[in-house]
Amino acid sequence: MLPSFGLLMFGVRNGSLLSAVMFAALVFFFWTPFGRGLLQYPYENTFMTRFPLLYLAFFVVTMLLEQMREMAYSALRESRLKYEFLCYHDALTGLYNRFWLQSLVGDPVRELKPAAVAVLDIDNFKFINDNFGHLNGDIVIRGFGQAILDTLGSSGELCRWGGDEFLILFHTDIDAETVCKRIVDVIRAQEFEFNGERLNTTVTVGLVIAPNGGTTDVRALLHQADVNLYLAKDQGKNCTVCSQLKSEPAPSTN
């Protein structure tokens, strides 16, 4: 039982070392004249010949079983990581998805306290789908998400909120509005080409900044950011509307 016990309790490396020491001891006591002289009890020659070999066979079988167990555990771990990725990430863009944010909001252990929230919407996306096709619309969404991600940097977390909407959780309110306006400029300058026809896209942003550098009332931030998004749409799109949480929106456009 020593090979199985050693590998199970101490891992492959230390368990193998323990088994090797034990095998060397068996060889010493059973296969060397000096070792046999140290034995207190007489053993048959057949037993002393076979026992170390049987021990070695058990070790080999145990090692194979341990490797199979490790492979199964590794496959299970990879499956779990893949499942978690698919669960919390958008299949089209690879960004976080809506469920990721909902899981954070409902997590009693991890306190989510964003300093600002922005909701971004691709302008006239239905026109893009209708005139260039849904596959090209997917290309626009992927390019849109990547452009936001590159511009955002480490300022916050980006997720695909649904359809042609994206959402940013800002870690700090410092320059949150500046970052959003920069995103508007970057998207405006972005160009796609489908079937020889060039397409420029624009984005509208609703931004809300939390008081005192952050708040745990994420739902209130999401609601106000959504309200500001519609205010920005009413102003002609391709702009940012920003306000403080629980205050009347004070439009700020670029």
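Reader: Is Phe 192 buried or exposed?

Author: This is a predicted model. In it, Phe 192 has a relative accessible area of 10%, so Phe 192 is buried, the cut-off being under 20%.

Reader: How many aromatic pairs does the structure hold?

Author: There are eight aromatic pairs. One of them joins Phe 132 and Phe 194, with ring centres 5.7 Å apart and planes at 55°, so that pair is tilted.

Reader: Which elements do Phe 132 and Phe 194 lie in?

Author: Phe 132 belongs to helix 5 and Phe 194 to strand 4, so the pair ties together parts 62 residues apart in sequence. Phe 132 is buried at 12% relative accessibility, and Phe 194 is buried at 6%.

Reader: And how are the rings of Phe 192 and Phe 194 arranged, stacked or tilted?

Author: Stacked: the Phe 192 and Phe 194 rings are 6.0 Å apart centre to centre, with 15° between the planes.

Reader: Which residues form an aromatic cluster?

Author: Tyr 43, Phe 47 and Phe 51 form one.

Reader: What sits over the ring of Trp 161?

Author: The charged end of Arg 98, at 3.9 Å from the ring centre.

Reader: Change of topic. Which residues have the most contacts inside the largest nonpolar core?

Author: Leu 120, Ile 168, Phe 170 and Leu 207, in a core of 32 residues. Two or more core residues come from each of strand 1 (116–122), helix 5 (125–132), helix 6 (134–152), strand 3 (165–170), helix 7 (176–189), strand 4 (191–194) and strand 6 (203–209). Another core lies apart from that one and has 19 residues, among them Leu 101, Trp 161, Leu 221 and Leu 245.

Reader: What is Leu 120 in contact with, leaving aside neighbours within four places in sequence?

Author: Its contacts include Phe 144, Ile 148, Phe 166, Ile 168, Ile 183, Val 203 and Val 205. Asp 164, Glu 165 and Thr 204 are also in contact with Leu 120.

Reader: Ile 183 is in helix 7. Which other residues of helix 7 are buried?

Author: Ala 176, Val 179, Cys 180, Val 184 and Ile 187. Seen down the axis, the buried residues of helix 7 fall within an arc of 145°, so they line one face of the helix.

Reader: What does that face pack against?

Author: The buried residues of helix 7 pack against strand 1, helix 6, strand 3, strand 6 and strand 7 (240–244).

Reader: What about helix 3, what should its span be and what is it?

Author: Helix 3 runs over residues 45–88, 44 residues in all, and should span 64 Å at 1.5 Å a residue. Its end C-alpha atoms are 65 Å apart, which agrees. Buried residues in helix 3 include Met 48, Tyr 55, Phe 59 and Met 63, and also Glu 66.

Reader: Where is Ala 232, and what does it touch beyond four places in sequence?

Author: Ala 232 is in helix 8 (residues 218–234). It touches Thr 204, Val 205, Lys 237, Cys 239 and Val 241. At 0% relative accessibility, Ala 232 counts as buried.

Reader: Last one. Is Asn 195 buried or exposed?

Author: Exposed: Asn 195 has a relative accessible area of 80%. Asn 195 is in the loop between strand 4 and strand 5 (197–200). Its C-alpha is separated by 21 Å from that of Asp 123, 72 residues apart along the chain.

Notes: Residues are numbered from 1 along each chain as its sequence is written. This is a predicted model: local features need pLDDT of at least 70, side-chain atom pairs count only at pLDDT 80 or more; totals for chains, interfaces and linings use all residues. Side-chain values use heavy atoms; hydrogens and water are left out. A nonpolar core is a set of buried Ala, Val, Leu, Ile, Met, Phe, Trp, Tyr and Cys residues joined through side-chain atoms within 4.5 Å. Buried means under 20% relative accessible area, exposed over 50%, partly exposed in between (1.4 Å probe, protein chains only). Contact means heavy atoms within 4.5 Å. Rings of Phe, Tyr and Trp (its six-membered ring) pair if their centres lie within 6.5 Å; planes under 30 degrees apart count as stacked, over 60 as edge-to-face and the rest as tilted. A charge sits over a ring if NZ of Lys or CZ of Arg is within 6 Å of the ring centre and within 35 degrees of the ring normal. The expected span of a helix is 1.5 Å times one less than its number of residues. The arc is that of the directions from the helix axis to the C-beta atoms.
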